[in-house]
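Q: Could we go through this model together, one kind of feature at a time, with the general idea before the particular case?

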Amino acid sequence: DVFDINLDVTDPDELCNITKAMEPTFGGINLEDIKAPECFEIEQRLIEEMNIPVFHDDQHGTAIISGAGLINALEITNRKAEDLKLVVCGAGAGAVACTKFYESLGVKRTNIFMFDSRGLIHTGREGLTPEKLYFALDKDYGDMTEVLKGADCFLGLSVANMVSQDMIKGM
């Protein structure tokens with residue numbers, strides 16, 4: 001049995017303290033609608049400081065469902081995860097969690113091309129969060145139109161209007 005508890009809290013420390021205070025009441029916590037990058041810090045902190053499971057639905061729920069789709073697609077097309085070229089459009093909580101899950105399924109990090117609203121995530125860019133830096137490539141391989149060429153898989157978890165029909169046709 002579950003029910004929503006909506007909190008009017010924006011400070012991560014306050015949110016963590018309130019959530020930890022409710023621990024004796026619940027067998028697990030499913031966080032919802034916390035934006036990146038704060039969601040990563042909040043979830044990790046609660047996992048470390050609580051004795052019950054803590055999940056962030058935007059991350060784990062999305063990753064599990066899309067990962068099932070990836071496994072099915074690999075089976076249907078008789079492909080191996082380690083051979084895929086994956087283009088990810090978006091670098092928020094859902095995109096990062098999905099991509100890490102895909103990596104655990106065998107997709108090689110060197111074959112992952114993640115884009116945020118500023119372009120391809122690579123080590124030559126400044127101001128990358130730790131989550132983005134994890135997926136940063138060694139160099140800039142170009143814009144999404146160029147990188148989509150030859151891609152086997154596209155994961156779209158971004159703001160609107162990042163991809164056009166012409167970009168997809170070029171795959």
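**Salt bridges and their setting**

A: Asp13, Lys20, Arg45 and Glu49 are joined in a network of salt bridges, a salt bridge being a side-chain nitrogen of Lys or Arg within 4 Å of a carboxyl oxygen of Asp or Glu. This is a predicted model, in which local features need pLDDT of at least 70 and side-chain atom pairs count only at pLDDT 80 or more, while totals for chains, interfaces and linings use all residues. Residues are numbered from 1 along each chain as its sequence is written, and side-chain values use heavy atoms, with hydrogens and water left out.

Q: How many salt bridges does the structure hold?

A: The structure holds nine salt bridges. In one of them the side chains of Glu49 and Arg45 meet at 3.3 Å, N to O.

Q: Is Asp116 buried or exposed?

A: Buried means under 20% relative accessible area, exposed over 50%, and partly exposed in between, with a 1.4 Å probe and protein chains only. Asp116 counts as buried because its relative accessibility is 7%, whereas Glu49, at 37%, counts as partly exposed.

Q: What order do the elements of the protein chain follow from the N terminus on?

A: They run α-β-α-β-α-β-α-β-β-α-α-β-α, with seven helices and six strands in the chain. The C-alpha trace spans about 50 × 40 × 25 Å along its principal axes, and buried residues make up 39% of the 171 residues.

Q: What share of the contacts between residues at least 6 apart in sequence join residues at least 24 apart?

A: A contact means heavy atoms within 4.5 Å. Among the contacts of the protein chain between residues at least 6 apart in sequence, 64% join residues at least 24 apart.

Definitions and conventions:
Helix = DSSP H or I, 4+ residues; strand = E, 2+ residues; numbered from the N terminus.
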